[in-house]
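Colleague: I am new to this model. Could you walk me through it?

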Amino acid sequence: MVSPRWSTFDLIFFDCDSTLSSIEGIDELARLKGKEGRVGLLTNKAMDGELDLADVYGKRLKAIKPTRAQLKAVEERYWEATVEDAQAVIAALKALGAHVFIISGGLIDAVKGFGRRLGVDPARIRAVELEYNELSGRWWDYSEPQAQQSKTYLDYDEGPLTASSGKAAIISELAGALPGRRMMIGDGSSDLATKSAVELFVGYGGVVARDQVRAESDIFLRCASLAAILPLAAGRRGWESLRGSAHESVYRKGISLSLGEEAVLFRSESLRDQFIREFEDII
């Protein structure tokens, strides 16, 4: 009997905070305001599944009241703290023709700017929209860029991304009629809640390894690098397509990490054996 080939994935969805970047944007905003202790505690409880995100989202923003300028600063921090190989992995996935998306419970100004710098189409990025107080800052100079940057937070748009179980609906919306199998990569309980909307959920523990995510992921990354996403998403055919290209080295790194027993955990031995058969002759 011929062993089945490793399944490949065409629609790749990434979380942002503690997945593509090693920071939590809301906690960085809190640090700018000197309120990191309380806000950080609420963030961790939500990501660990102890609290629903909907119960803490507004509380955190009300405590911080960020300005547009502060969100721009968070975009810079996202970029400075980009997770190992994140940009190279996205570039390689796009070279293979995969559709790459970012779905985040972070704030859209910062997440969209960071995602654009990673090479993700802004139309394929979803995060939480904010409303700003039009009478705050230098409102009399509303047409000036500096005046826009000084506007302060007024409210946020409640929706799927401000609740712990909402990302699955966003995946369905973004995928639309696009053909292909779906993969989600994330670190928190709100990411884990997308399992019903994807064929493969990959938990990422390279920044924060959460017990629930590790226990319930189809595959769990314990390494800092995201390079393993390439062979997991594109299989042997992806390797053959990119061999000899500028993307070969990061793909080879991903294969090496995936074949090791420390960096990547598979939910079952049969799943791991299937993957090993795909690549064991390469490294």
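**Questions on the fold**

Colleague: Is Phe-101 buried or exposed?

Modeller: Buried means under 20% relative accessible area, exposed over 50%, and partly exposed in between (1.4 Å probe, protein chains only). Phe-101 has a relative accessible area of 1%, so Phe-101 is buried.

Colleague: What should I know about the numbers here?

Modeller: The model is predicted: local features need pLDDT of at least 70, side-chain atom pairs count only at pLDDT 80 or more, and totals for chains, interfaces and linings use all residues. Residues are numbered from 1 along each chain as its sequence is written, and side-chain values use heavy atoms, leaving out hydrogens and water.

Colleague: What is the strand order in the sheet?

Modeller: Strands (E, at least two residues) and helices (H or I, at least four) are DSSP runs, numbered from the N terminus. Two strands pair if DSSP finds at least two bridges between them. Here seven strands form an open sheet with mixed pairing, in the order β3-β2-β1-β6-β7-β8-β9.

Colleague: Which strands stand at the edges?

Modeller: Each edge strand has a single partner, so one side of each is left without a neighbour in the sheet. The two are β3 (125-128) and β9 (264-266).

Colleague: How many bridges join β1 and β2?

Modeller: Phe-14 stands opposite Ile-102 in β2. Strand β1 (residues 11-14) runs parallel to β2 (residues 99-107), and the bridges between them number four.

Colleague: What angle does helix α5 make with β1?

Modeller: Contact means heavy atoms within 4.5 Å. Helix α5 (residues 86-95) packs on the sheet and touches β1 and β2. Axes are lines fitted to C-alpha atoms, for helices over the stretch in contact, with angles from 0 to 180 degrees between N-to-C directions. Between α5 and β1 the angle is about 160°.

Colleague: How many aromatic pairs does the structure hold?

Modeller: Rings of Phe, Tyr and Trp (its six-membered ring) pair if their centres lie within 6.5 Å; planes under 30 degrees apart count as stacked, over 60 as edge-to-face and the rest as tilted. The structure's aromatic pairs number eight.

Colleague: Why does the pair of Phe-13 and Phe-101 count as stacked?

Modeller: Phe-13 is itself buried, at 0% relative accessibility. The ring centres of Phe-13 and Phe-101 are 4.5 Å apart, and the planes meet at 15°, so the pair is stacked.

Colleague: How many residues apart in sequence are the parts that this pair ties together?

Modeller: Phe-13 lies in β1 and Phe-101 in β2. The pair therefore ties together parts whose separation in sequence, in residues, is 88.

Colleague: Which residues of α6 are buried?

Modeller: Elements covering the buried residues of α6 include α4, α5, β2 and β3. One of those residues, Phe-114, has 0% relative accessibility. The buried residues are Ile-108, Ala-110, Val-111, Gly-113, Phe-114, Gly-115 and Leu-118.

Colleague: Where is Asp-187?

Modeller: Asp-187 is buried, with a relative accessible area of 0%. Its place is the loop between β6 (182-186) and α9 (189-192).

Colleague: Which side chain makes a polar contact of 3.1 Å with that of Asp-187?

Modeller: A polar contact is a pair of N or O atoms within 3.5 Å; within protein, one must be able to donate a hydrogen and the other to accept it, and residues adjacent in sequence count only if both atoms are side-chain atoms. The side chain of Asp-187 makes one with the side chain of Thr-19, at 3.4 Å. The partner at 3.1 Å is Arg-210.
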